[in-house]
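The sequence and structure come first, and the text follows.

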Amino acid sequence: MTPAPQPSQHAPELREAARHIGRRRFLTLTGAAAALAFAVNLPAAGTAAAAEMNPARITDDPFSLGVASGDPLPHSVLLWTRLAPAPYQPDGGLPAERVTVHWELAHDENFRRTVRRGTATAHPEFDHTVHVEVAHLDPDRVFHYRFRVGGWVSPTGRTRTAPATRSRASALTLAAVSCQAYADGYYTPYGHLAQDDVDVVFHLGDYLYEYAVNATGNNRKYTDRTLPDLFNRETITLEDYRLRYALYKSDPDLMAAHAAHPFVVTWDDHETENNYADDTPENDVPPEEFLLRRASAYRAYWENQPLRRPQLPDGPDMRLHRRLHWGGLAQFDVLDTRQYRSDQAYGDGAQLPGPDIDDPARTMTGDTQERWLIDGWRSSRALWNVVPQQVTFSQRKLDLNPVAKLSMDSWDGYRASRRRVLDGVRSAGVDNLMVLTGDVHVGYAFDIKDDFDDPASRTLGTEIVATSIASGRDGSDKPSNWNTYMTANPHMRFYNGRRGYVTVTLGRDVARADFKTVPYVTTQGAPISTAASFVTEVGDQGLKPA
């Protein structure tokens, strides 16, 4: 499932400077907090930091942020929770003491047929988060789980294992989601997703935004609560990121979706900072300052997501790309197009194409991840090869001029990198390719062409772009540039600007994508409907209306 560790791409001197910058000038961050952002291993038993708390002292519900599961394997599930009786406080309402957490996994939601049970430790150094890897399970089974601390019992979650690696799985239904700016609206699509019949949810990035959230939740316009002022600032420090996850995860619709389905997560930029590229920040700050910020963001991300131990970051480095299988039906190569990429060309944004975007020295994925992806295709025996990733992969001309502007942050800004990937598709003999994308706050459906400027060229696969959960506020069915985009990009089969998510059912003969949208998120209670549906056939790639 997980690639072997790779050495940090950052110079030791730069890492050391970032590690100790807190003592010198990085806002008000203490040296201890800077060291914590770079800490790797769980605390050893018996250390001073590991004093154990009596759970009887917890007087408010510690499971205020719910439960989650993730990265289903044939014989293992990953269970997550965080203890936070006061989630909007920097310490979560707990002292700096470890807490013993009991967990239970069962075949039934009433826990009459228990499969496994055990204990885990919630360490203060990891913000009292818990990651439990439950092994030796039967494949292709649904399970229910819960946690207990003292007299407090968590909500019940539902998860599942993947089918056995070599099994002939007949179908899989996944949901793809992205971009959930808390300040832009309610998470109504998640409430509907919690009730939807899917096997697994892929989160394609921007789970969290670094921007300030005011006392009324900005576009949520709260009248029944006042958010603390500590959210009304950009996230910079480890404490900032931890608190922002607490705010996002306190949303009841997000909690319901996590409890209902296992998630497979990958990040984009806003979990750290808008449009950063490797160790190049959006704004001009010393590189050691940004690496400390990145280390803080990466640590908080791992703490607050249902991720396994191999993804635990080492300071500003975190191996997030990984490979999952669903029997012989599908192989999922989860990419990270943010941590290793070259800086955006021509100052980022929408720009006319120039020679830099075709420079073979520039990369979207980094050389190591690119080789890992293509080598994985060469050894794949799956019917469907699916690539969950972040930014628009297909060419997307932004105007109707003879030479159109392109987005420098998407794969259009890294055409040589995309060409190598497409050549890898052909050389590996991948017949049924699907790319899952987020980022742009709209829904798209693309045919992936061997030559995007030649509509008659071979279709190598399809790209399904999931719209945002909340980012962009209510949106519209046909944004103002709808006619321009559909005309300029003949391989674009669908474009919709509402909020929502997409479900994809992969079968032995056909795959079906259903784009599900809500009419508004700035107020609660929106219904959901299917805006469009498409199919693509095994061995005959190309999207057709269902």
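## Residue L406 and its surroundings

In this predicted model, L406 touches G349, A350, Q351, P353, I357, R396, K397, L398, D412 and R415, with residues up to four places away in sequence left out of the count. L406 belongs to strand β16, which covers residues 406–407. Its relative accessibility is 3%, so L406 counts as buried. The C-alpha atoms of L406 and Q395 lie 8.1 Å apart in space, and the two residues are eleven positions apart in sequence.

## Residue E104

Strand β3 (residues 99–106) contains E104. With a relative accessible area of 12%, E104 is buried, because the cut-off for that class is under 20%. Beyond its neighbours within four places in sequence, E104 is in contact with F111, T114, R116, R117, H144, Y145 and R146. Of these contacts, R146 is 42 residues away from E104 in sequence, while the C-alpha to C-alpha distance is 5.6 Å.

One joins E104 and T114 at 2.9 Å, and another joins E104 and R117 at 3.3 Å.

All seven of the seven residues of strand β18 (residues 443–449) are buried, so the strand is largely enclosed by the rest of the structure. G443, A445, D447 and K449 point one way from β18, whereas Y444, F446 and I448 point the other way.

Strand β9 (residues 171–177) is mostly covered, with six of its seven residues buried. Strand β21 (residues 492–507) pairs with β18 and also with β9. The pairings of β18 and β9 are set out below.

| Strand pair | Sense | Bridges | Example of facing residues |
|---|---|---|---|
| β18 and β21 | antiparallel | four bridges | Y444 and Y495 |
| β18 and β19 | antiparallel | six bridges | A445 and I464 |
| β9 and β21 | antiparallel | six bridges | L174 and V504 |
| β9 and β10 | parallel | four bridges | V177 and H203 |

In the table, β19 covers residues 459–465 and β10 covers residues 200–203.

## Two loop residues with positive phi

Most residues other than glycine have a negative phi. D439 has a positive phi, near 80 degrees, and is not a glycine. D439 sits in the loop between β17 and β18. Its relative accessible area is 18%, so D439 is classed as buried.

R473 is also not a glycine, and its phi is positive at about 60 degrees. The loop that holds R473 runs between β19 and β20 (475–476). How exposed is R473? R473 is partly exposed, with a relative accessible area of 42%.

## Helix α5

Helix α5 spans residues 252–260, and its buried residues are L254, A257, H258, A259 and A260. An α-helix has 3.6 residues a turn, so residues three or four places apart point the same way. The buried residues of α5 pack against helices α3 (188–195) and α4 (238–249), and against strands β1 (67–73), β6 (142–149), β8 (157–160) and β11 (263–265). At the start of α5, a side-chain oxygen of D251 comes to within 2.9 Å of the backbone nitrogen of D253.

Rolling a probe the size of a water molecule over the atoms shows where empty space is left. How many cavities of 30 Å³ or more does the structure hold? There are five cavities of 30 Å³ or more, and the largest cavity contains about 70 Å³ of space.

The lining of the largest cavity consists of L335, L373, W377, V387, Q389, F393, W411, V421, V425, L433 and V435. At least two lining residues come from each of α7 (367–379), α8 (415–428) and β17 (433–437). By class, the lining has ten nonpolar residues, one polar residue and no charged residue.

How values were computed. Residues are numbered from 1 along each chain as its sequence is written. Side-chain values use heavy atoms; hydrogens and water are left out. On a 1 Å grid over the protein atoms alone, a cavity is a set of points where a 1.4 Å probe fits but cannot get out, and a pocket is an open set with protein on both sides within 12 Å along at least five of seven lines; lining residues have an atom within 4 Å of a point. Grid points are joined across faces, edges and corners, and a volume is the space filled by probe spheres set on the points. Ala, Val, Leu, Ile, Met, Phe, Trp, Tyr, Cys and Pro count as nonpolar, Asp, Glu, Lys and Arg as charged, and the others, Gly among them, as polar. Buried means under 20% relative accessible area, exposed over 50%, partly exposed in between (1.4 Å probe, protein chains only). Contact means heavy atoms within 4.5 Å. A polar contact is a pair of N or O atoms within 3.5 Å; within protein, one must be able to donate a hydrogen and the other to accept it, and residues adjacent in sequence count only if both atoms are side-chain atoms. Two strands pair if DSSP finds at least two bridges between them.
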